[in-house]
Amino acid sequence: MKQSNDTSNRQFVRVNGFFPILCEKIPSKKVREEKELFFSRRDETPAQFTDEFSWLKRPLEENAGPEQEAYSEQEFVSIHLKLDLIINLLMKREVDPIFHEKPRLVNISGAGLRFKVSETLHKGDICMVKMFLPVLPVRVIKVLAGVVRAKDLSKNGNNLTEASFNFDMIADEDRETIIHYTFKRQRELLRETRDKS
């Protein structure tokens, strides 16, 4: 489907943000199958569960930086989601593991993203990436993303890969949610800059 110039330009606005994200490399022999089933699997709930209320145990700091603010925003924005999770617990339904991930630094646009992963990745690898953006309405975004650049890093004795991804498969409404987030985050960063000057 051909995109308008406005949409095309908006999708390349990049920002740094903090939010939970999961990345899983897809074995090469399963890539075709995952692409064929991608849209039908978007709403599946993974079978995993831990402490739903861990977000309540983190103290809020008075002079919070952007990462701590992201924790706070994530918590307040998703209050109604927490109620859904309680209902799921009572109904013994399974809960998506993305809700247990701590926010981390991600550079993102409507076309792709860059972040550090513990898994070794190489250019050409295809990954399933799930994101939980601090926006309303609350929704977990799932994309198939191809690695376009990968750089090996070492931090505190741990091997990491800084990987850049292009979105290979993404629903239109999910791309729009990401674009909405990038402009929202851009306004926050401009406000922070004005407050400091």
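**Close-up 1. Salt bridge between Arg185 and Glu188 in helix α5.** In this predicted model, Arg185 pairs with Glu188 in a salt bridge whose closest N and O atoms are 3.0 Å apart; the term denotes a side-chain nitrogen of Lys or Arg within 4 Å of a carboxyl oxygen of Asp or Glu. Both residues belong to helix α5 (residues 172-196), where they are three residues apart, about one turn of the helix. Helices (H or I, at least four residues) and strands (E, at least two) are DSSP runs, numbered from the N terminus. Arg185 and Glu188 are both buried. Salt bridges with shared partners join Lys184, Arg185, Glu188 and Glu192 into one network. Buried denotes under 20% relative accessible area, exposed over 50%, and partly exposed in between (1.4 Å probe, protein chains only). Residues are numbered from 1 along each chain as its sequence is written, and side-chain values use heavy atoms, with hydrogens and water left out. Because the model is predicted, local features need pLDDT of at least 70 and side-chain atom pairs count only at pLDDT 80 or more, whereas totals for chains, interfaces and linings use all residues.

**Close-up 2. Salt bridge between Glu36 and Arg32 in helix α2.** The N to O distance in this salt bridge is 3.3 Å. Glu36 and Arg32 are four residues apart in helix α2 (residues 31-37), about one turn of the helix. Glu36 is exposed at 58% relative accessibility, and Arg32 is exposed at 65%.

**Close-up 3. Salt bridge between Lys25 and Asp125.** The closest N and O atoms of Lys25 and Asp125 are 3.6 Å apart. This pair links distant parts of the chain, 100 residues apart: Lys25 lies in strand β2 (residues 21-25) and Asp125 in the loop between β4 (112-117) and β5 (126-132). Lys25 is partly exposed, with a relative accessible area of 30%, whereas Asp125 is buried at 14%. The count of salt bridges comes to five.

Close-up 4. Ile141 lies in strand β6 (residues 140-155) and is buried, with a relative accessible area of 0%. Leaving aside neighbours within four places in sequence, Ile141 is in contact with Val129, Lys130, Met131, Leu133, Asp174, Thr177 and Ile178, contact being heavy atoms within 4.5 Å. Ile141 and Ile178 are 37 residues apart in sequence, and their C-alpha atoms are 8.7 Å apart in space.
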